[in-house]
Amino acid sequence: MLKTLIPRLMLLLLALSPLAVLAAPASAPLVEGKDYEVLANPGTFAPAGGRIEVVEVFGYTCPHCAHFEPSLEAWAKKLPKDVNFIPVPAAFGGPWDSFARAYYAAKQVGVAKRSHAAMFKALHEDGSLPMQNIAPDELATFYKQYGVEPDRYIAALKSEAVDQKLAAARAFAKRTQIPGTPSMIINGKYLVTANGFDEQLRVASALIARERGAKAR
């Protein structure tokens, strides 16, 4: 009896499997007010030839940003060429400004991408850099491992160019009224508000697709 029952069960499962595929839920549709908000004052951070802009406003001292970074980095690497991904440091004052300035100085000397994940690690895992009252010399020592001479880094840190970038980052965060970090803003129009890192990336991908579709029409 058992020998005849098993083949019948297998045939039944095979017959039902297409129905199971049909019944599988598609990616959930986006819900305004839950997954994202439409910005009251839209505008991209740095227009780049019509490419779809994705901004992540982050803070090096933010533990959520540190936890988000590996997933975000992997996701950003797979973005197509029509998407321009821009990390923007949060300049909320105090230590936020110190580390926002540190990021822009690293960008000016050409090591921001290589050092980005390592800065999170130094702060949140190794504890090799202080979260508060970090000195220029401490930052210069950190970036020296990327081949940047301390004097050159400190000069960048204090430069007018970095002052201007810091002011632009502060103005963008204020205009978009981000609630905290990390925050993702798609094409200067949408603030991702979904809960959970995976959901944030899903919603960001869907909004990118929406913007791509709008451009094609």
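Helix H3 supplies the largest share of the lining of the largest cavity, 3 residues; helices (H or I, at least four residues) and strands (E, at least two) are DSSP runs, numbered from the N terminus. The model is predicted, so that local features need pLDDT of at least 70 and side-chain atom pairs count only at pLDDT 80 or more, while totals for chains, interfaces and linings use all residues. Residues are numbered from 1 along each chain as its sequence is written, and side-chain values use heavy atoms, with hydrogens and water left out.

A cavity is a set of points, on a 1 Å grid over the protein atoms alone, where a 1.4 Å probe fits but cannot get out; lining residues have an atom within 4 Å of a point. Grid points are joined across faces, edges and corners, and the volume is the space filled by probe spheres set on the points. The count is 1 cavity of 30 Å³ or more, and the largest cavity has a volume of about 40 Å³. Its lining consists of Phe-58, Gly-59, Tyr-60, Thr-61, Pro-89, Ala-90, Trp-96, Phe-99 and Ala-100. By class, the lining holds 7 nonpolar, 2 polar and no charged residues, where Ala, Val, Leu, Ile, Met, Phe, Trp, Tyr, Cys and Pro count as nonpolar, Asp, Glu, Lys and Arg as charged, and the others, Gly among them, as polar.

The largest nonpolar core has 43 residues, of which Val-57, Tyr-60, Met-119, Leu-139, Tyr-143, Tyr-153 and Ile-185 touch the most other members. Such a core is a set of buried Ala, Val, Leu, Ile, Met, Phe, Trp, Tyr and Cys residues joined through side-chain atoms within 4.5 Å, buried meaning under 20% relative accessible area (1.4 Å probe, protein chains only). H3 gives the most to this core, with 6 residues. Beyond four places in sequence, Val-57 is in contact (heavy atoms within 4.5 Å) with residues including Val-88, Ala-90, Phe-172 and Ile-185. A second, separate core of 19 residues includes Ile-52, Ala-76, Ile-186 and Leu-207.

Ser-115, in helix H4, counts as buried because its relative accessibility is 0%. Not counting residues up to four places away in sequence, Ser-115 touches Ala-106, Phe-142, Tyr-143 and Tyr-146.

The count of disulfides (pairs of cysteine sulfur atoms within 2.5 Å) is 0. The sulfur of Cys-62 lies 3.1 Å from the closest cysteine sulfur, in Cys-65, and is therefore too far away for a bond. Cys-62 is buried at 5% relative accessible area, and Cys-65 is buried at 0%.

Methods. Buried means under 20% relative accessible area, exposed over 50%, partly exposed in between (1.4 Å probe, protein chains only). On a 1 Å grid over the protein atoms alone, a cavity is a set of points where a 1.4 Å probe fits but cannot get out, and a pocket is an open set with protein on both sides within 12 Å along at least five of seven lines; lining residues have an atom within 4 Å of a point.
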